[in-house]
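Please keep the structure open as you go.

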Number of protein chains: 2
Amino acid sequence: MSETDGVSTAAAALIGLDWGTTSFRAYRIAADGRVLERHGAPAGILQIEGGDFAGALGREIGPWLEREPEVPVLAAGMITSRQGWVEVPYAACPAGEAELAQGLASHRAPSGTIRFVPGVAFEGEGGVPDVIRGEETQIVGQLGHEAAGGRFVMPGTHSKWVVVEGGRIVAFATFMTGEVYGVLKGHSILGRLMAGEGEDAHAFARGLAHAEGGAGGLLRRLFSARTLPLFGRLPETGVASYLSGLLIGSEIGEALAWMGAPADPEALTVVGTSELAGRYRRALAARGIEATVGTDDAAAQGLFRIARAAGLIG
Amino acid sequence: MSETDGVSTAAAALIGLDWGTTSFRAYRIAADGRVLERHGAPAGILQIEGGDFAGALGREIGPWLEREPEVPVLAAGMITSRQGWVEVPYAACPAGEAELAQGLASHRAPSGTIRFVPGVAFEGEGGVPDVIRGEETQIVGQLGHEAAGGRFVMPGTHSKWVVVEGGRIVAFATFMTGEVYGVLKGHSILGRLMAGEGEDAHAFARGLAHAEGGAGGLLRRLFSARTLPLFGRLPETGVASYLSGLLIGSEIGEALAWMGAPADPEALTVVGTSELAGRYRRALAARGIEATVGTDDAAAQGLFRIARAAGLIG
């Protein structure tokens, strides 16, 4: 399952790690920001036995570290959480590359010093905080490609909507859409009705429409995923797509109400080219918002920019 | 686990069955509606091996059936669903005791004829139907005690809000609150944060407040059940109660928006005296609505009234 691309003997200026809950990605990056080599493996923090992160790092990129022991190593993602290697306090909003660089935590590992990028906390309305870890680095990388401002949608188990102004993250909100979908599919009566998970574009669109126009709120609308197939008005093969549309449509409605619909739709970027990101773009298009496609691979650029801001790259 | 109360040798005019997903309740009822004997067991339709409902009936109330073989037997609840004994087509709204009596289905069982009460379907907004099975009979029983109209809240895995006018159910809505709570508690990251399920009234009230006043919709608000304990702003022993308050509060907000806040709060009845029904009453009280307490045990009265309307009781 692991993969390594673009073997290069050119000198690296940074080794960047994007180390999340379920995956590990590493990059050898040149002084001009080009990615010389990349390596990925399903070695997320939940897969590391006994929390032996140093051992895992050696298994994944030992040869890189031995070949260029002087090159700085910078890591971002859930590896900086309480369940990770070194828990790094959150940076506060507004946070851009300078603030993240200031908040780096250093740790002396067997292979040499590793630096960790802090996540970001946003003090939301009503004394309820919100948090990201890893997404801040991807956002900084996106800004390398795009403007210094904008609104970003980052689909996932916990999807994040991020507002950036003047190169800094000023606000964001987390929606538990992916996790709610997963537990309802796996463990509720709705999942027991589903015949397969094949994509049904028509059922997805109906879910979107019911999320936007249906009566009641989400707790009531969910029940339509039971009654429509019960009455033969939705094929059982379409229930999974319908539920996905209902939840993603609900999230988009909540998020636009929270951040305000963008005056310029192009200022809204859906990050990534995954199948899930495609669903978000179609869901936004159904509301007349043609979102920009953000790069999947912004973490390497973000790590590079933060390292440069921290003076780690000569 | 089974229990039998009030053994009586007086003649019964009806044997009523309230046979749900997880429980079985039977009543010997006199010609004037008094309950002479009652029997309950955890013999819901999901617990009956191989669908042998006739065998289960004999095990639970065989002596009653043998002693008075001429007494009519009337059943309501999920026993009339596709997963039950005899699937009975739904009655349409508006539906009261007369419409339910007209829709009875007869089935010749080894012990004699059994009649089944139909559930009710409501053709909701946007071509999305809603359904109840069992609650219609409890509502008819409530009407025996209360006025011929009102609004009823029936908490449960799928909680039901029912509008009754002129003795007939005219509209209702289902909210998947209990099931969403269960799957999030059992299978999501929120459940992993919970330290016990003990009731924490303060945390419950905070969940209610965030449901009513928090930014965003439910998918966003759910994440507060993760970030508040993460930041030490909510004890882990309170997370379960907080989530319960957040979900019940969200349901009440959705339901009041759907049916309109009652002009006369006394016209809103929360059915039952369970711990869960108590939470709903406290949640309504937090919005200034002092709901009426409905009887737990309306099914027997509902079965009696429907049997009388059907001419089964001389």
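**Two chains, one interface**

In this predicted model, 46 residues of chain A are in contact with 47 residues of chain B, where contact means heavy atoms within 4.5 Å. About 4,000 Å² is buried between chain A and chain B, with 69% of that area given by carbon and sulfur atoms; buried area is the accessible area (1.4 Å probe) that two parts lose on being put together, summed over both. L219(A), R220(A) and F223(A) supply 20% of the area that chain A buries against chain B, more than any other three residues.

As the model is predicted, local features need pLDDT of at least 70 and side-chain atom pairs count only at pLDDT 80 or more, while totals for chains, interfaces and linings use all residues. Residues are numbered from 1 along each chain as its sequence is written, chains are lettered from A and ligands numbered from 1 in the order in which they are written, and side-chain values use heavy atoms, with hydrogens and water left out.

**Polar and charged links across the interface**

- Between chain A and chain B there are 4 salt bridges, each a side-chain nitrogen of Lys or Arg within 4 Å of a carboxyl oxygen of Asp or Glu.
- One salt bridge brings together the side chains of R220(A) and E125(B), at 3.2 Å from N to O.
- The interface of chain A and chain B also has 21 residue pairs in polar contact, both at pLDDT 80 or more. A polar contact is a pair of N or O atoms within 3.5 Å; within protein, one must be able to donate a hydrogen and the other to accept it, and residues adjacent in sequence count only if both atoms are side-chain atoms.

**What chain A brings to the contact**

- Elements giving two or more residues to the side of chain A that touches chain B include β9 (120-123), β10 (129-132), β13 (168-175) and α4 (177-187) of chain A. Helices (H or I, at least four residues) and strands (E, at least two) are DSSP runs, numbered from the N terminus.
- α4(A) gives the largest share of that side, 6 residues.
- By residue class, the side of chain A that touches chain B has 24 nonpolar, 12 polar and 10 charged residues. Here Ala, Val, Leu, Ile, Met, Phe, Trp, Tyr, Cys and Pro count as nonpolar, Asp, Glu, Lys and Arg as charged, and the others, Gly among them, as polar.

**How the copies are related**

**Strands and a hairpin**

- Chain B has an open sheet of 3 strands in the order β6-β9-β10, with mixed pairing; two strands pair if DSSP finds at least two bridges between them.
- β6 (91-92) and β10 (129-132) of chain B stand at the edges with a single partner strand each, so one side of each is left without a neighbour in the sheet.
- In chain A, β6(A) and β9(A) run parallel and are joined by 2 bridges, whereas β9(A) and β10(A) run antiparallel with 4 bridges.
- The hairpin of β9(A) and β10(A) has 5 residues between the strands, and G126(A) takes a positive phi near 70° there.

**Cis peptide bonds**

- The peptide bond from C93(A) to P94(A) is cis, with omega near -5°, and P94(A) is in the loop between β6 and α2 (97-102) of chain A.
- In chain B, C93(B) and P94(B) are joined by a cis peptide bond with omega about -5°.
- For background, most peptide bonds are trans.
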